[in-house]
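Hi,

Here is the structure I promised to pass on.

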Amino acid sequence: QVQLVESGGGSVQAGGSLKLSCAASEYISNSCGMGWYRQAPGKERELVSIISSDGAATYADSVKGRFTISQDNAKNTLYLQMNSLKTEDTAVYYCKACRKWVGVQVNYWGQGTQVTVSS
């Protein structure tokens, strides 16, 4: 069972930066990509950014130009560099990984890390 552990969340003022990390407990074979999602109070979980196994990145419109997703395959770690943070970025950020094999996809989620941006 793959375990994902996020870190790097915290409190920051608007305009500041944070870098989130997500460490996987093992190499994810047959990976269908990894990503970051977030959930603000009273709202549904939403996609922030995903990166495919070949490194192609996709971003939500709300974070384009401010956030950068990256991965270190040697360390089984996913990152999210967040710059120019806004109060609306306040949420719990979750890391997701998936594995797909013989048509079956299994998703793994981290426990989440809180990001709070104050004005």
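T113 counts as buried, because its relative accessibility is 10% (buried means under 20% relative accessible area, exposed over 50%, and partly exposed in between, with a 1.4 Å probe and protein chains only). This residue is found in strand β11; strands are DSSP runs of E with at least two residues, numbered from the N terminus. Leaving aside neighbours within four places in sequence, T113 is in contact with E6, S7, G8, G9, L20, A91, V92 and Y93, where contact means heavy atoms within 4.5 Å. T113 and Y94 are 19 residues apart along the chain, and their C-alpha atoms are separated by 6.6 Å.

Before you go further: this is a predicted model, in which local features need pLDDT of at least 70 and side-chain atom pairs count only at pLDDT 80 or more, while totals for chains, interfaces and linings use all residues. Residues are numbered from 1 along each chain as its sequence is written, and side-chain values use heavy atoms, with hydrogens and water left out.

On to the core. The largest nonpolar core has 28 residues; such a core is a set of buried Ala, Val, Leu, Ile, Met, Phe, Trp, Tyr and Cys residues joined through side-chain atoms within 4.5 Å. L4, W36, F67, L78, L80, M82 and Y93 have the most contacts inside it. Two or more residues each come from β3 (18-24), β4 (31-39), β5 (46-51), β7 (67-72), β8 (77-82), β9 (91-101) and β11 (113-118).

F67 sits in strand β7 and is buried, at 3% relative accessibility. Neighbours within four places aside, F67 touches R38, V48, Y59, L80, Q81, M82, N83, L85, D89 and Y93.

Now the rings. How many aromatic pairs does the count come to? One, by a rule that pairs rings of Phe, Tyr and Trp (its six-membered ring) if their centres lie within 6.5 Å, with planes under 30 degrees apart counted as stacked, over 60 as edge-to-face and the rest as tilted. The pair is edge-to-face because the rings of Y37 and W109 have their planes at 65 degrees, with the centres 5.1 Å apart. It links distant parts of the chain: Y37 is in strand β4 and W109 in strand β10 (residues 104-109), 72 residues apart. Y37 is buried, with a relative accessible area of 17%, whereas W109 is partly exposed at 36%.

W109 also has a charge over its face: R45, at 4.6 Å from the ring centre. K19 lies over the face of Y79 in turn, at 4.7 Å from the ring centre. The rule here asks for NZ of Lys or CZ of Arg within 6 Å of the ring centre and within 35 degrees of the ring normal.

The largest pocket holds about 220 Å³. A pocket is an open set of points on a 1 Å grid over the protein atoms alone, where a 1.4 Å probe fits, with protein on both sides within 12 Å along at least five of seven lines; lining residues have an atom within 4 Å of a point. There are 15 lining residues, and the closest to the centre of the pocket are I28, S31, M34, Q71 and N73. β4 and β7 each give two or more residues to the lining, and the largest share, three residues, comes from β4.

Last, some loop residues. Most residues other than glycine have a negative phi. S84, in the loop between β8 and β9, has a positive phi near 50 degrees and is partly exposed at 40%. V102, in the loop between β9 and β10, has a positive phi of about 45 degrees and is exposed at 64%. D61 is in the loop between β6 (57-59) and β7 and is exposed at 65%. S62 is in the loop between β6 and β7 and is partly exposed at 38%. S62 and E88 are 9.5 Å apart, C-alpha to C-alpha.

Cheers

Note on methods
Helix = DSSP H or I, 4+ residues; strand = E, 2+ residues; numbered from the N terminus. Points joined across faces, edges and corners; volume = space filled by probe spheres on them.
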